[in-house]
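User: I am new to this structure and would like to know how its descriptions are reached. Please set each value against the rule behind it.

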Amino acid sequence: HPWIPSLGIRYALAADGISLTLLVLTGLAATAGILFSWNIEERAGEFFALYLTLIGGVYGVFLSADAFTLFVFYEIAIVPKYFLIAIWGSTNREYGAMKLVLYSFAGSALVLAGLLWAYAVAIAHGFAPSFALNDLARAATHFSPHEQLGMFALVFFGFATLAGIFPMHTWAPTGHVAAPTAASMLLAGVVMKLGAYGCLRVALPLFPLGFTYWQPVIAGLAIVGIVYAGLVALVQGDFKFVIGYSSVSHMGFVLLGLAAANATAVSGAVLQMFSHGVIAGLLFAVVGRMVYER
């Protein structure tokens, strides 16, 4: 398809320490989720096909070196979530599935708008058409502060919606509770990390001037999310809601680390993504497969 190179879209994969850490987390959570799905009898083939599609989309996001390819994999990871929850879920499954997907697609629309804006402005500045993250980062150095401010807001807050930033966090507890055990493990353990990874991999490096403007706002929203979601978790009567809101609180620490934007804070944010992915996955496995079954 010759039109794909002419648009500057490349199927380019790369990995660094951050990507490899999250790939290991995905492998652990995905394998554990399969092992905890021994009771799936209704349409089992379709369940595992959707489950593996979700995992493939997650791997693609963590490995993409091209912004458009990353976005495509990001969308691939969203679609199976709806069917996994709506068909095999439990508490208010249709409502939870629809709310999760609507929030996810709303965030995706913001991300796509920001990326297309950056792409168009880069071409206007005389750069060759390219969605490669390195090429967009070089072009962004020629963008005006106002352009970077707007682009950063669209891309960062679009990704941050999936990371559970306050006040766009309400999809997370509802979706976690409605999802089957394996999907809950992936949603809390890995899928929320897609949003944080997008903020770290795309928004921060591409639009540093925009980040400088929005930095206090991001830190403030992260702190509110940490405290608010933690307090809400304390008064829940459903064990899954406790874990769901605590996950939002934990992701607030990740966003706060990204807002600090120094080496120690970003390393801590990545460590928190990994540790929360393991802990949340284990908690949903225990609650969903043991407590709820009994």
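User: Which residues have the most contacts inside the largest nonpolar core, and how many residues does that core have?

Analyst: The model is a predicted one. Its largest nonpolar core has 87 residues, and Phe-62, Phe-143, Phe-156, Leu-194 and Phe-207 have the most contacts inside it. Helix 9, residues 181-206, gives the largest share of this core, with 16 residues. Another core, of 7 residues, lies apart from it and includes Ala-188, Ile-243, Ala-280 and Phe-284.

User: What does Leu-194 touch, leaving out residues up to four places away in sequence?

Analyst: Leu-194 touches Val-58, Val-61, Phe-62, Tyr-74, Ala-77, Phe-159 and Leu-162. A contact requires heavy atoms within 4.5 Å.

User: How does the reach of helix 9 compare with the expected span, and where is its kink centred?

Analyst: From first C-alpha to last, helix 9 reaches 37 Å, close to the 38 Å expected at 1.5 Å a residue. The helix has a kink of about 45°, centred on Leu-187.

User: Why is the pair of Phe-47 and Trp-88 called edge-to-face?

Analyst: A pair of aromatic rings is described by the distance of the centres and the angle of the planes. A search of the whole structure finds 16 aromatic pairs. For Phe-47 and Trp-88 the centres are 5.3 Å apart and the planes stand at 80°. The centres must lie within 6.5 Å, and planes over 60 degrees apart count as edge-to-face. The pair is therefore edge-to-face. It links distant parts of the chain, with Phe-47 in helix 3 and Trp-88 in helix 4, 41 residues apart. Both Phe-47 and Trp-88 are buried.

User: What do the rings of Phe-62 and Tyr-197 show under that rule, and which parts does the pair tie together?

Analyst: Their centres are 5.1 Å apart and their planes are at 80°, so this pair is edge-to-face. Phe-62 is in helix 3 and Tyr-197 in helix 9, so the pair ties together parts that are 135 residues apart in sequence.

User: How do you know whether Phe-62 and Tyr-197 are buried or exposed?

Analyst: The cut-off for buried is under 20% relative accessible area. Phe-62 has 1% and is therefore buried. Tyr-197 has 1% and is buried as well.

User: Which residues form one aromatic cluster?

Analyst: The cluster is formed by Phe-152, Phe-156, Phe-157, Phe-211, Tyr-213 and Trp-214.

User: Why is Ile-55 called buried, and what does it touch?

Analyst: Ile-55, which lies in helix 3, has a relative accessible area of 8%. The limit for buried is 20%, so Ile-55 is buried. Leaving out residues up to four places away in sequence, Ile-55 touches Thr-26, Ala-30 and Leu-186.

User: How many helices and strands does the chain have, and why is the chain called as compact as a globular protein of its length?

Analyst: The chain has 12 helices and 0 strands. Its radius of gyration is 19 Å, close to the 19 Å that the globule rule gives for 294 residues, so the chain is as compact as a globular protein of that length. Buried residues make up 52% of the 294 residues.

Terms used:
Residues numbered from 1 in each chain as written. Predicted model: local features only at pLDDT ≥ 70, side-chain atom pairs only at ≥ 80, totals over all residues. Heavy atoms only, no water. Core = buried A, V, L, I, M, F, W, Y, C linked by side-chain atoms within 4.5 Å. Buried < 20%, exposed > 50% of the residue type's maximum accessible area, 1.4 Å probe, protein only. Helix = DSSP H or I, 4+ residues; strand = E, 2+ residues; numbered from the N terminus. Phe/Tyr/Trp six-rings, centres within 6.5 Å; stacked < 30°, edge-to-face > 60°. Expected span 1.5 Å × (residues − 1). Bend = angle between axes of the 7 residues up to and from the residue. Rg over C-alpha atoms; globule rule 2.2 N^0.38 Å.
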